[in-house]
Amino acid sequence: MLVLFETSVGYAIFKVLNEKKLQEVDSLWKEFETPEKANKIVKLKHFEKFQDTAEALAGLVPPPCDECEKWLS
């Protein structure tokens, strides 16, 4: 399983190493308390940095209202 995570500087794709841990949602945060613990659950596969601020902000701007209906369909 892969997980896509967006940060302020780009996108990260992680491979999940232990899917069983993801099922324990009430205590999942505990698995990410330290980098060492997180490395047992996920492994960084790729990081794509935004080219500039405009590209980073593009994902935050919703489409025009007339396009929303098509976009959400």
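## Overall architecture

The protein contains four helices and three strands, where helices (H or I, at least four residues) and strands (E, at least two) are DSSP runs numbered from the N terminus. Along the sequence, these elements follow the pattern β-β-α-α-β-α-α.

The model is predicted: local features need pLDDT of at least 70, side-chain atom pairs count only at pLDDT 80 or more, and totals for chains, interfaces and linings use all residues. Residues are numbered from 1 along each chain as its sequence is written, and side-chain values use heavy atoms, with hydrogens and water left out.

## Strand pairing

Strand β1 (residues 2–6) runs antiparallel to strand β2 (residues 10–16), and five bridges join them; two strands pair if DSSP finds at least two bridges between them.

## Burial, contacts and surface

Of the 73 residues of the protein, 12% count as buried, meaning under 20% relative accessible area with a 1.4 Å probe and protein chains only. Among contacts (heavy atoms within 4.5 Å) with a separation of 6 or more, 51% are between residues 24 or more positions apart.

The accessible surface, computed by the Shrake-Rupley method with a 1.4 Å probe, comes to about 6,300 Å² for the protein. Carbon and sulfur atoms account for 59% of that surface.

Note on methods: Buried < 20%, exposed > 50% of the residue type's maximum accessible area, 1.4 Å probe, protein only.
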